[in-house]
Amino acid sequence: MSSIEEILREVLPEVIPGEELVRKAKKAEEELRRRLDSALSNYPDIEYRFLGSYARDTWLPESLEIDVFLLFPEHYSFEELERIGIEVGKSVVDSYEMRYAAHPYVHGLVAGVEVDVVPCYRLKSPERIKSAVDRTPFHHEWLKDRIRGKENDVRLLKRFLKAGNLYGAEFKVRGFSGYLCELLVVFYGSFENLVRNATRWRREMVIDVENGKIELKKDQRSLFVVDPVDRKRNVAANLSVDNFARFVERCRLFIENPSPEFFRTASRAVDVDRLREELEGRFVYAVSFERPPIVEDNLYTQLERAERRIRKVLEDNEFQVLRSGHHAGERCYLLFETTAGEISKVKKHYGPKIESYENSMRFLRKNREYERFFEDGRYVTYRRRKLRRAEQVIEHAIATQHESMGKDLSDYIRDGSVHSGEEILSLHELLEFLTEFLGVRE
């Protein structure tokens with residue numbers, strides 16, 4: 001078995017950008033600087049700075065993107081910052097699209113390289129930030145010297161995370177941000193040291209990068225990494241508890257059996273016959289609907305909300321939900337698995353305790369389809385269910401409760417369709433996600 005050091009030596013060339021790609025990046029950077037100098041000539045009090053992974057040389061070959069921030073003095077209003085930021089951004093790229101974070105920004109291409117042009121305020125202290133992006137220059141200043149000499153360790157960590165679908169703090173992934181990766185490498189000193197220590201991580205941990213110490217905080221739900229720029233902020237706030245656990249498991253497996261495959265992304269094999277066999281004996285339902293034209297973070301936030309809402313409706317109708325999930329491709333999907341597909345035509349209806357005279361008499365006077373009986377001194381009778389099958393419950397939910405499932409999704413969900421059993425196999429772009437959802441092993 002190869003040692004960890006041997007594996008890292010083998011993988012390292014795969015995570016370092018090649019000379020040709022570096023030349024392409026430098027050419028785009030030079031052209032972008034020239035255009036920015038020209039575009040900002042009318043705004044001498046606005047400066048630009050290259051920040052992020054490109055500026056700190058921690059970028060991966062497949063993730064070349066130049067982040068340039070326009071730093072506005074504080075006397076500019078938000079409206080002016082947005083207007084001028086967009087105006088300058090559009091003028092310096094070859095083609096563009098609008099994206100949104102704390103405020104709108106321009107994403108585009110310069111000499112074939114992706115570029116983000118982001119406006120923010122130039123502040124003297126992070127305590128005066130007006131939006132999240134205002135922290136970024138402070139993050140860069142804190143990291144730029146501390147990360148020097150550890151750039152390739154950051155690259156190894158990012159690729160290790162990407163291969164496990166754990167890289168990215170956006171709502172779709174809820175994993176590790178690039179900034180979090182760099183802080184962890186600074187704290188532990190190297191990729192290998194981080195992975196070895198992470199095998200013993202606990203969710204109660206508070207990692208104080210600036211002061212070089214770890215504390216345990218009782219009843220903390222998940223990892224807390226103190227932002228050295230804003231000590232009240234948790235850099236790992238977007239990391240889900242389950243992805244925290246997946247990372248710890250991934251580190252343990254790597255230490256136990258090092259392999260370059262931990263750094264290589266592989267698509268999950270789809271065996272349609274195996275999926276059909278699984279679906280035959282299980283109660284699985286998929287809601288399929290058109291994807292709304294909204295930014296991805298908003299989409300995944302609302303998909304999760306819709307999933308939780310339908311899950312609650314199923315549980316309120318006494319269907320036990322084994323698992324639920326959501327997925328977005330060209331269309332959107334909500335997945336549910338229940339322990340049963342159909343339940344009894346009757347359900348219990350509870351009345352008052354026998355001690356309540358008036359309520360008991362009102363209960364007795366009502367004309368009911370089923371006879372009453374007692375449980376622990378309380379009146380009980382049966383009522384017929386309107387919806388007996390899980391599929392009916394889901395269909396009723398999307399028809400009548402869609403407005404509570406996300407403002408941008410509601411009309412799309414209402415017009416969606418519910419698939420069950422083998423019908424789900426016709427949703428081809430869902431099959432890889434379905435394989436994972438059903439727990440089918442390769």
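Reply: Happy to! Let's start with one term: contact means heavy atoms within 4.5 Å. The model here is a predicted one. By that rule, L8, V11, L12, E14 and V15 in helix 1 meet N152, R155, L156 and R159 in helix 6. Sorted by class, this contact has five nonpolar, one polar and three charged residues.

Me: What makes S95 partly exposed?

Reply: Buried needs under 20% relative accessible area and exposed needs over 50%, with partly exposed in between. S95 has 38% relative accessibility, so S95 counts as partly exposed. This residue is in strand 3 (residues 95–100). Leaving aside residues up to four places away in sequence, S95 touches H107, G108 and L109. The C-alpha atoms of S95 and L109 are 5.7 Å apart, although 14 residues separate the two along the chain.

Me: And are C120 and C251 buried or exposed?

Reply: The cut-off for buried is under 20%. C120 has a relative accessibility of 0%, so C120 is buried. C251 also has a relative accessible area of 0%, and therefore C251 is buried.

Me: What makes strand 13 and strand 14 edge strands?

Reply: Look at the open sheet of three strands, whose order is 13-15-14 with antiparallel pairing. Strand 13 (346–353) and strand 14 (373–375) each pair on one side only, and they are the edge strands. On average, neighbouring strands of this sheet are turned by 45° against each other, direction ignored.

Me: How do you know that strand 13 and strand 15 pair?

Reply: Pairing takes at least two bridges found by DSSP. Strand 13 and strand 15 (residues 378–384) have six, in the antiparallel sense, so they pair. One example is K348, whose bridge partner in strand 15 is Y382. Helix 12 (residues 357–365) packs on the sheet and touches strand 13 and strand 15, with its direction at about 145° to that of strand 13.

How values were computed:
Residues numbered from 1 in each chain as written. Predicted model: local features only at pLDDT ≥ 70, side-chain atom pairs only at ≥ 80, totals over all residues. Heavy atoms only, no water. Helix = DSSP H or I, 4+ residues; strand = E, 2+ residues; numbered from the N terminus. Buried < 20%, exposed > 50% of the residue type's maximum accessible area, 1.4 Å probe, protein only. Axes fitted to C-alpha atoms, helices over the stretch in contact; angles between N-to-C directions. Nonpolar A, V, L, I, M, F, W, Y, C, P; charged D, E, K, R; others polar.
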